[in-house]
Structure formats: C-alpha cells, structure tokens
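Take a look at the model below.

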Amino acid sequence: MPLYDYSCAQCGDFAAMRPLAQWRDPASCPDCGAASARIVAGAPALGALSSAVNRARAANERNAHEPRATRAGHGMNCGCCGGGRSAGKTRKTADGGKTFVASRPWMISH
C-alpha cells in the first residue's frame with residue numbers, strides 16, 4: 001500500500017497508508033479523527049534507496065545508452081589488460097611436445 005500525505009485543519013500534516021483504490025478519499029486524522037484532505041507534500045524518497053541499488057540503477061542507465069561492445073578494442077576477459085589468466089596445466093617441452101602438470105596425461109588436447 002502506498003503512503004499518502006494528508007493535512008488536518010486542527011492538527012497539521014500526517015501520512016497514512018491507504019489502498020491504491022482510495023487515493024482520492026479523505027483520511028481520518030490519527031489525533032482528532034477529523035476527515036482530512038490529501039495533499040502532495042514532497043517528492044518520492046528515491047535517495048533513501050541503498051547504495052547497492054543506486055549503483056545498480058546507475059549501471060543500468062549507463063549501459064542502456066552505451067553498451068559495452070566486444071568487437072571494439074579488447075573483448076571481455078582479454079589476456080593483455082584483464083586480471084591475467086593463469087598459464088594453465090599444459091606445458092611445452094623443448095622439442096614441441098606437451099606435458100600436463102598435475103593433470104590427466106592420457107587425454108588428447110584439442
């Protein structure tokens with residue numbers, strides 16, 4: 001249920017949760033019980049979202065207009081400027097043969 005702002009003539013402003021179907025109806029004041037009209041007191045509190053949600057929303061907005069292309073420049077997980085990939089388990093000998101460090105030597109490499 002959304003939170004709406006209301007103004008009581010005697011007690012002042014207050015907020016009340018109401019069903020969406022009753023957004024036009026007046027609400028009773030929690031202090032005096034008088035019927036109070038709905039007011040628009042302020043903007044929604046979007047700044048009150050967590051920093052993780054704000055970062056995700058900013059990344060989505062940025063990527064909607066500037067998607068990362070893998071064909072321009074370096075692709076994803078490139079070996080030259082990324083975190084670097086490990087050499088793997090395959091080692092080459094001086095005569096061009098392959099050996100496998102701590103692996104299954106009977107497997108044929110592709």
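What follows is a short tour of a predicted model.

Local features need pLDDT of at least 70 and side-chain atom pairs count only at pLDDT 80 or more, while totals for chains, interfaces and linings use all residues. Residues are numbered from 1 along each chain as its sequence is written, and side-chain values use heavy atoms, with hydrogens and water left out.

Begin with the fold. The protein chain has 1 helix and 6 strands. Helices are DSSP runs of H or I with at least four residues; strands are runs of E with at least two; both are numbered from the N terminus. Read from that end, the order is β-β-β-β-α-β-β.

Next, the surface. The protein chain exposes about 9,200 Å², and 55% of this area comes from carbon and sulfur atoms. Areas come from the Shrake-Rupley method with a 1.4 Å probe; for residues, only the protein chains shown count as cover. Of the 110 residues, 9% count as buried. Buried means under 20% relative accessible area, exposed means over 50%, and partly exposed lies in between (1.4 Å probe, protein chains only). Among contacts (heavy atoms within 4.5 Å) with a separation of 6 or more, 17% join residues 24 or more positions apart.

Now the core. Which residues make up the largest nonpolar core? They are Tyr4, Tyr6, Cys8, Phe14, Ala16, Ala27 and Cys29. Such a core is a set of buried Ala, Val, Leu, Ile, Met, Phe, Trp, Tyr and Cys residues joined through side-chain atoms within 4.5 Å. Strand 1 (3–8) and strand 2 (12–17) each give two or more residues to this core. Strand 1 supplies the largest share, 3 residues.

A search of the whole structure finds 1 aromatic pair. Tyr6 and Phe14 have ring centres 5.7 Å apart and planes at 20°, so the pair is stacked. Rings of Phe, Tyr and Trp (its six-membered ring) pair if their centres lie within 6.5 Å; planes under 30 degrees apart count as stacked, over 60 as edge-to-face and the rest as tilted. Tyr6 is at 0% relative accessibility, so Tyr6 counts as buried. Phe14, at 14%, counts as buried too.

Move to Ser36, in strand 4 (residues 35–39). Why does Ser36 count as buried? Because its relative accessibility is 2%. Leaving aside neighbours within four places in sequence, Ser36 is in contact with Tyr6, Ser7, Cys8, Phe14, Pro26, Ala27 and Cys29. A polar atom of the Ser36 side chain lies 3.4 Å from the backbone oxygen of Ala34.

Two of these partners deserve a look. Pro26 lies in the loop between strand 2 and strand 3 (27–28). The C-alpha atoms of Pro26 and Ser36 are separated by 5.3 Å, with the two residues 10 apart along the chain. Beyond four places in sequence, Pro26 contacts Tyr6, Arg18, Ala35 and Ser36.

Last, the cysteines. How many disulfides does the structure hold? There are 0, a disulfide being a pair of cysteine sulfur atoms within 2.5 Å. The closest cysteine sulfur to that of Cys29 is in Cys11, at 3.8 Å, too far for a bond. For Cys32, the closest is in Cys8, at 3.6 Å, again too far. Cys29 is buried at 5% relative accessibility, whereas Cys32 is partly exposed at 36%.

How values were computed. Polar contact = N/O pair within 3.5 Å; in protein donor to acceptor, adjacent residues only side chain to side chain.
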